[in-house]
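Please read this note with the sequence and the model open side by side. Each point can be checked by eye.

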Amino acid sequence: RLKRLKAWRVGESNRLGLPVVLIWPGVSLERLAKKPNEFREEMKMPEIRTWQRRQWENSLGDVLGSIF
């Protein structure tokens with residue numbers, strides 16, 4: 001699961017030409033890999049910046065949906 005989430009992050013990084021660390025926090029991906037049903041709660045975590053949530057919440061939710 002974590003590999004798929006990290007692959008999504010790398011794909012977004014490559015597509016936009018941004019460092020992966022700016023796309024989404026790794027610690028968040030690790031939590032989501034363990035507890036994907038807590039997606040809504042994860043969006044409220046302080047590590048996730050508002051602009052990241054606005055940009056990638058739907059895309060990340062789609063990836064989680066396709067994995068689980």
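This is a predicted model: local features need pLDDT of at least 70, side-chain atom pairs count only at pLDDT 80 or more; totals for chains, interfaces and linings use all residues.

1. Residues are numbered from 1 along each chain as its sequence is written, and side-chain values use heavy atoms, with hydrogens and water left out.

2. Helix 1 (residues 2-16) and helix 3 (residues 26-34) have axes that come within 9 Å and cross at roughly 145°. Helices here are DSSP runs of H or I with at least four residues, numbered from the N terminus. Axes are lines fitted to C-alpha atoms over the stretch in contact, and angles run from 0 to 180 degrees between N-to-C directions. The contact (heavy atoms within 4.5 Å) includes Leu2 and Trp8 of helix 1 and Leu29 and Ala33 of helix 3.

3. Helix 1 also packs against helix 5, at an angle of about 145° with the axes 10 Å apart. Among the residues that meet are Arg4, Trp8 and Leu16 in helix 1 and Trp56, Leu60 and Ile67 in helix 5.

4. Trp51 lies in helix 5 (residues 50-67). Is Trp51 buried or partly exposed? Trp51 counts as partly exposed because its relative accessibility is 40%; buried means under 20% relative accessible area, exposed over 50%, and partly exposed in between (1.4 Å probe, protein chains only).

5. Arg40, in helix 4 (residues 39-42), is exposed, with a relative accessible area of 51%. Arg40 and Val21 are 19 residues apart in sequence and 21 Å apart in space, C-alpha to C-alpha.

Notes. Helices (H or I, at least four residues) and strands (E, at least two) are DSSP runs, numbered from the N terminus.
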